[in-house]
Protein chains: 2
Amino acid sequence: MTSNSPRQADASEQSLLRIFTVPEDANSTLSIIEQKLSQDLAGFLGNSIAALEKPLSEIETDFQAFEIPAKPRFVSDYTDEIMQNLVAHSVHTSAPSFIGHMTSALPYFVLPLSKMMVGLNQNLVKIETSKAFTPLERQVLGMMHHLTYGQDQHFYQQWMHSANNSLGAFCSGGTVANITALWIARNRVLKADGDFKGVGREGMLKALRYYGYDDLAILVSERGHYSLGKAADLLSIGRDNIVSIPTDENNKVDVNAMRTAALALQQQNIKVMAIVGVAGTTETGSVDPLNELAILAAELDCHFHVDAAWGGASLLSNKYRHLLKGIELADSVTIDAHKQMYVPMGAGMVLFKDPELAHTIAHHAEYILRVGSKDLGTQTLEGSRPGMAMLVHACLQIIGREGYEILINNSLEKARYFAQLIEQHYDFELVTSPELCLLTYRYVPKSVQLKLKEAITHNDFTLVATINELLDGLTQFIQKHQREQGKSFVSRTRIRPARYQRQHTTVFRVVLANPLTSHEILAEVLTEQTEIAQLDNEFYPQLMAL
Amino acid sequence: MTSNSPRQADASEQSLLRIFTVPEDANSTLSIIEQKLSQDLAGFLGNSIAALEKPLSEIETDFQAFEIPAKPRFVSDYTDEIMQNLVAHSVHTSAPSFIGHMTSALPYFVLPLSKMMVGLNQNLVKIETSKAFTPLERQVLGMMHHLTYGQDQHFYQQWMHSANNSLGAFCSGGTVANITALWIARNRVLKADGDFKGVGREGMLKALRYYGYDDLAILVSERGHYSLGKAADLLSIGRDNIVSIPTDENNKVDVNAMRTAALALQQQNIKVMAIVGVAGTTETGSVDPLNELAILAAELDCHFHVDAAWGGASLLSNKYRHLLKGIELADSVTIDAHKQMYVPMGAGMVLFKDPELAHTIAHHAEYILRVGSKDLGTQTLEGSRPGMAMLVHACLQIIGREGYEILINNSLEKARYFAQLIEQHYDFELVTSPELCLLTYRYVPKSVQLKLKEAITHNDFTLVATINELLDGLTQFIQKHQREQGKSFVSRTRIRPARYQRQHTTVFRVVLANPLTSHEILAEVLTEQTEIAQLDNEFYPQLMAL
């Protein structure tokens with residue numbers, strides 16, 4: 001229709017308004033699909049997602065149109081189309097045999113609650129568009145703060161709902177959480193003082209001049225998450241000023257090496273603005289020695305941040321939370337609820353030990369975020385954002401500490417079980433043991449294991465490197481093939497194991513977060529990998545011929 | 001239960017696993033609520049949200065617990081609780097009479113689709129956890145790019161799905177979009193060159209030294225969004241280096257003043273790294289002269305960003321898109337789909353004219369975001385994030401250009417109608433006319449209007465100021481009272497109208513985005529405001545006694 005034709009426009013307008021006023025019919029395509037999803041999510045995903053992987057280039061052919069379609073479409077037609085083009089070729093992230101990612105099966109109740117959240121369409125940037133969602137979010141941050149720092153009742157009464165202060169910030173994910181923490185750390189080390197109005201107002205050049213530093217640096221394990229580099233770039237600290245500290249044979253940062261590096265930087269007049277401890281590295285799941293890092297941070301008088309985006313959920317286990325001991329000494333802690341807390345994607349948090357910590361990034365605006373208001377937007381990196389905190393709130397209440405105790409303990413114990421299974425298997429090598437619920441391993445036929453051992457005994461590092469290169473190829477082959485078969489999925493990464501002279505080594509990586517992953521499934525994953533290995537006609541034959 | 005009691009743990013574990021395996025019963029509290037919501041969203045919200053406003057301090061009493069509950073809870077109990085504590089005291093953002101925000105009624109189909117999105121739980125950071133969602137998101141960005149820049153078929157065939165390039169970035173919202181654009185602008189102006197590895201790697205100090213600048217600056221209208229200040233802080237440019245340029249009597253930036261400011265900065269050896277045009281200011285809805293800004297950016301050889309977070313949706317109207325002419329000359333453009341594109345909260349975008357623009361912020365990581373992959377995470381600020389692009393995709397396809405044409409045109413024309421209504425009303429003053437669908441006004445009794453006019457004629461600016469101060473108080477009273485009554489809602493802000501010597505003036509602010517807002521509702525809003533004015537016993541009597 002053209003806008004010149006009022007009568008036609010009126011008719012179209014009426015039919016258009018129906019999408020806002022007339023609910024989906026219970027017998028419509030979309031409603032039927034929704035019912036299936038509500039009644040049996042696993043079945044829906046299992047039936048809707050194609051088992052065999054389609055190459056990305058083929059999937060892309062369905063997403064070539066670059067013009068927004070002129071004509072409106074029926075919801076049912078659109079639904080049919082995305083079931084074929086989109087849903088069928090998405091990833092079954094909640095399948096119990098898909099153990100390569102940090103996603104998991106979701107509890108059923110989050111589905112209707114998510115729909116309610118969308119229907120309410122609150123905007124958490126300010127009270128006026130969120131009302132009760134604001135105290136709810138503050139409560140979630142308070143509960144997570146208590147889980148991490150365990151302050152007393154008086155503390156939470158004073159701070160949890162205090163305007164101009166915050167126990168943390170809700171974020172879309174761990175990356176924004178880490179950026180927020182380092183933003184605060186930078187602004188504190190280069191804070192307003194005398195005539196100087198602070199780095200936030202005057203910028204980096206004047207800040208460094210005022211304080212007389214030649215540069216800033218952030219120290220973190222070589223296993224630190226890539227979001228830290230992103231933060232250093234964004235914050236004008238520079239990626240090269242993320243100083244990567246070696247790890248020990250357990251993939252934990254070497255605190256003495258970090259101390260040495262920090263002292264060397266100080267001598268060059270480079271201010272160490274923060275050290276970051278990793279509580280659950282993305283590649284090996286290792287936890288840095290947080291107590292020792294806290295001591296070092298105190299020595300250096302710098303911010304101590306802990307990136308527990310993935311590992312932080314383990315605090316919910318009374319049995320295993322000791323693995324994160326020292327986390328309560330951190331100035332700030334990142335925890336993603338969408339990783340091991342069984343909340344859907346989009347729920348990151350950064351927690352602040354000191355409720356006044358975020359003052360240094362506070363900002364206000366006239367029509368919005370008035371000074372003294374309880375608007376959450378005054379102390380967050382993001383502006384408008386949805387009420388995701390509601391889903392974390394729901395999980396904390398419905399699952400409860402006792403529920404999480406079981407879920408987390410089972411995950412950790414399942415990882416230990418799988419590690420045993422791998423070690424007991426003739427043809428597999430456990431590369432990193434699970435400290436939390438993440439481990440790495442690879443397929444190494446028994447004969448090759450013996451060859452490797454012998455080569456190491458004889459210091460024949462050339463042979464070791466040759467064998468490992470072939471194994472890298474085989475690991476890639478198996479991982480890719482297994483993914484394409486669509487029955488199960490492990491991810492792969494490259495790490496530098498101490499036992500192989502820190503050479504880059506490709507390994508399978510497994511995260512055992514899904515409560516529905518059974519021991520049988522784990523055994524089958526290994527069986528399938530063994531079978532796939534025999535299919536390779538490039539690396540496998542060479543390895544067997546060694 | 002304790003983890004020492006295996007038998008009990010097993011029983012609890014079985015009941016716990018049910019939340020992952022047993023769907024919500026169709027007769028459960030949550031299912032019944034979900035049905036109501038699906039069958040009549042407006043009715044559900046109208047019935048569930050309390051009409052009368054409860055003070056925030058009272059709402060907070062329901063969110064005092066700071067310990068995660070020990071015991072799991074029944075979903076039905078939790079649901080009952082949040083219906084009373086949370087939903088009842090949230091904001092009815094989609095009510096047709098709530099015209100104070102940029103939110104609107106949502107089309108019904110986004111509810112089941114959101115649920116599907118949550119159930120699929122894809123993570124867009126990389127292909128491995130998103131598959132078809134990645135090409136879908138690239139297509140959405142391509143379509144929005146085409147809407148904005150209108151390149152030819154060849155262009156989109158070449159770039160839309162090209163690894164290592166991007167036509168834009170999907171973000172949680174406009175703030176992250178604006179930060180991303182300015183991050184790119186900063187990294188381009190301080191790019192790698194010769195021995196220098198770029199600001200992203202070496203940091204700001206070395207970058208400014210290398211290029212020989214004393215500082216950076218960003219120029220924007222005094223009406224620029226607060227997220228730009230946040231970006232300047234985060235990026236170490238400094239909030240004070242956001243140079244605020246005055247606006248003309250139509251609230252559009254004065255380009256000559258901006259040119260003068262830029263030349264003065266250049267003379268101080270301060271590099272103007274970007275100028276920002278606003279296409280729909282948050283407070284007055286005005287659009288800067290984008291063509292002229294593009295010319296200035298070319299003269300200054302700097303990045304030209306357009307913040308069209310709210311106004312960008314108007315490009316969907318063939319009738320009115322001319323209001324944004326010049327936007328196609330911008331290097332980057334921010335558009336929020338969750339504002340006037342009828343998508344739920346959490347869907348921001350930044351578009352790049354040049355598909356290679358984002359190279360300067362690209363980053364990679366070993367286990368994830370491999371070089372040459374099509375992982376979206378390589379060129380975004382955020383890491384893990386949900387498949388929100390699906391909801392934008394759905395709206396673009398189901399509403400189509402013809403549908404958006406009607407929706408946008410109606411919004412703009414409704415705003416013009418409301419402006420007329422205000423101007424024709426004896427006791428109201430239109431403060432800023434709607435250029436798009438946002439306007440500001442205030443209640444000024446006819447007798448006071450005459451007094452004001454007289455005072456201005458006699459250059460009695462003291463009297464003008466006195467009257468305006470009283471009017472400010474009255475406007476605040478009316479706005480707050482109307483909000484508390486819960487029948488309708490307009491927001492308020494403070495602007496500096498040219499006609500009142502640029503004095504800060506409190507005004508009502510109205511955004512006419514909701515297709516369900518009728519002419520009758522608009523008339524009622526004015527009637528209600530007139531009635532509330534008489535209730536004020538502080539400012540109103542003083543004004544009438546003038």
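Mentor: Two strands are said to pair if DSSP finds at least two bridges between them. Helices (H or I, at least four residues) and strands (E, at least two) are DSSP runs, numbered from the N terminus.

Trainee: And what kind of model is this?

Mentor: This is a predicted model, in which local features need pLDDT of at least 70 and side-chain atom pairs count only at pLDDT 80 or more, while totals for chains, interfaces and linings use all residues. Residues are numbered from 1 along each chain as its sequence is written, and chains are lettered from A and ligands numbered from 1 in the order in which they are written.

Trainee: What is the mean pLDDT of chain A?

Mentor: The mean is 94, and 97% of the residues of chain A reach 70 or more; pLDDT is the predictor's confidence in each residue, from 0 to 100. For the model, ipTM is 0.95 and pTM is 0.96.

Trainee: Where does pLDDT stay under 50 in chain A?

Mentor: Over residues 1-6, for which the model has eight contacts beyond four places in sequence. Two residues are in contact if their C-beta atoms, placed from the backbone, lie within 7 Å.

Trainee: Let us turn to the strands. In what order do the seven strands of the open sheet in chain A run?

Mentor: The order is β1-β7-β6-β5-β4-β2-β3, with mixed pairing. β1 (168-171) and β3 (242-245) of chain A stand at the edges and have a single partner strand each, so one side of each lacks a neighbour in the sheet. On average, neighbouring strands of this sheet are turned by 20° against each other, direction ignored.

Trainee: Which helix packs on the sheet?

Mentor: Helix α13 (residues 255-267) of chain A does, touching β2 (215-221), β3 and β4 (270-278) of chain A. The direction of α13 makes about 160° with that of β4(A). Axes are lines fitted to C-alpha atoms, for helices over the stretch in contact, and angles run from 0 to 180 degrees between N-to-C directions.

Trainee: How many bridges join β6 to β7 in chain A?

Mentor: Five bridges join β6 (residues 332-336) to β7 (residues 348-352), and these strands run antiparallel. Within that pairing, Val350(A) in β7(A) is opposite Thr334(A). β4(A) and β5(A), in turn, pair in the parallel sense over five bridges, with Gly277(A) bridged to Val306(A) in β5(A).

Trainee: Is β5 of chain A covered or open?

Mentor: Strand β5 (residues 303-307) is mostly covered, with five of its five residues buried. A residue is buried if 20 or more other C-beta atoms lie within 10 Å of its own, exposed if 12 or fewer, and partly exposed in between, with C-beta atoms placed from the backbone. His303(A), His305(A) and Asp307(A) point one way from β5(A), while Phe304(A) and Val306(A) point the other way.

Trainee: A change of topic: how many residues of chain A are in contact with chain B?

Mentor: 147 residues of chain A are in contact with 148 residues of chain B. The helix that gives the most to chain A's side is α15 (residues 389-424), with 14 residues. By class, that side has 70 nonpolar, 46 polar and 31 charged residues. Here Ala, Val, Leu, Ile, Met, Phe, Trp, Tyr, Cys and Pro count as nonpolar, Asp, Glu, Lys and Arg as charged, and the others, Gly among them, as polar.

Trainee: Which residues does Glu60(B) touch?

Mentor: Not counting residues up to four places away in sequence, Glu60(B) touches Pro135(A) and His161(A). Glu60(B) is in helix α4 (residues 56-60) of chain B and is partly exposed, with 18 other C-beta atoms within 10 Å.

Trainee: What is the phi of Asn121(B)?

Mentor: Phi is positive there, about 45°, although Asn121(B) is not a glycine. Most residues other than glycine have a negative phi. Asn121(B) is found in the loop between α6 (110-120) and α7 (133-149) of chain B, and is buried, with 27 other C-beta atoms within 10 Å. Lys131(B) lies in the loop between α6 and α7 as well, with a positive phi near 40°.

Trainee: Lastly, how many residues of α12 in chain B are buried?

Mentor: Nine of the nine residues of α12 (residues 226-234) are buried, so this helix is largely enclosed by the rest of the structure. Among them are Tyr226(B), Lys230(B) and Asp233(B). Ser236(B), which follows α12(B), has a positive phi near 65°.
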